Amino acid sequence: MSEAASASDPETTTGTALGRGPAIRVLPRLDGANRFFWTSGAQGVLRFLRCERCRRYVHPPAPLCPYCEDGQGRLEPEAVSGRGRLHSFTVNYQQWIPDDGPYVVGLVTIDEQDDVRLMTNIVDCAAAELEAEMPVEVTFEQHEDVWLPLFRPAGGRAGAAAGEPAGGSR
Ligand SMILES: [Zn+2]
């Protein structure tokens, strides 16, 4: 229960305090093809379409599998681990609108398949902690009927960063 509180206090870490994303979110428009993706967070899981024949994940959502040669591979949503790697990132310092703090835009590769990448925000992480290829895990932020998949450092690194000096000295 206290996890969120301890993990989301970037001001106790060194460097710039980072927000969770832009102050105003532009939400995706839900339709029959993408609704499963934007609402999966209600069950706390991340799901992607997966081909029933070649077993590859396909993102963004498509009507049929682009990897199957005859183009007839049927796609069904399937849950993934929610773990991935931070492929690349940038810290946005530009204040596009009032109260817009700095935040991290990251490109995350999911562990299940290298070419499935999500443009997302990295949260619960100080700017100095960000590293390419660092392991991250999904966390969801609900806005109306949309659960945005955001990512944070995997394995409790965020909690350590917020509460303890780096390096574990006492
Ligand atoms: Zn396929």
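Student: What makes a residue of this protein count as buried, and what share of the 170 residues does that cover?

Tutor: A residue is buried if 20 or more other C-beta atoms lie within 10 Å of its own, exposed if 12 or fewer, and partly exposed in between, with C-beta atoms placed from the backbone. Here, 28% of the 170 residues are buried. Please keep in mind that this is a predicted model, where local features need pLDDT of at least 70 and side-chain atom pairs count only at pLDDT 80 or more, while totals for chains, interfaces and linings use all residues. Residues are numbered from 1 along each chain as its sequence is written.

Student: Why is Gly106 called buried?

Tutor: Gly106 has 26 C-beta neighbours inside 10 Å, and the cut-off is 20 or more, so Gly106 is buried. This glycine lies in strand S5.

Student: How do you know which strands pair with S1?

Tutor: Two strands pair if DSSP finds at least two bridges between them. Strand S1 (residues 46-51) has 6 bridges to S3 and 2 bridges to S2, so both pairs meet the cut-off. Both run antiparallel. Leu49 stands opposite Pro77 in S3, Cys51 has Leu75 as its bridge partner there, and Arg50 is bridged to Tyr57 in S2. The hairpin of S1 and S2 has 5 residues between the strands, and Arg55 in it takes a positive phi near 70 degrees.

Student: Why do S2 and S3 count as edges of their sheet?

Tutor: The open sheet of 3 strands has the order S2-S1-S3. Strand S2 (57-58) and strand S3 (75-80) each have a single partner strand, so one side of each lacks a neighbour in the sheet. As for S1, 5 of its 6 residues are buried.

Student: What does S5 pair with?

Tutor: Strand S5 (residues 103-110) pairs antiparallel with strand S4 (residues 83-92) over 8 bridges, and Gly84 has Ile110 as its bridge partner in S5. S5 also pairs antiparallel with strand S6 (residues 117-122) over 6 bridges, and Val105 stands opposite Asn121 in S6. S5 and S6 form a hairpin with 6 residues between them.

Student: What makes a group of residues a nonpolar core?

Tutor: It is a set of buried Ala, Val, Leu, Ile, Met, Phe, Trp, Tyr and Cys residues joined through C-beta atoms within 7 Å. The largest one holds 24 residues, and Val58, Val104, Val108, Ile122 and Phe151 touch the most other members. Elements giving two or more residues to this core include S5, strand S7 (135-143) and strand S8 (146-153).

Note on methods: Helices (H or I, at least four residues) and strands (E, at least two) are DSSP runs, numbered from the N terminus.
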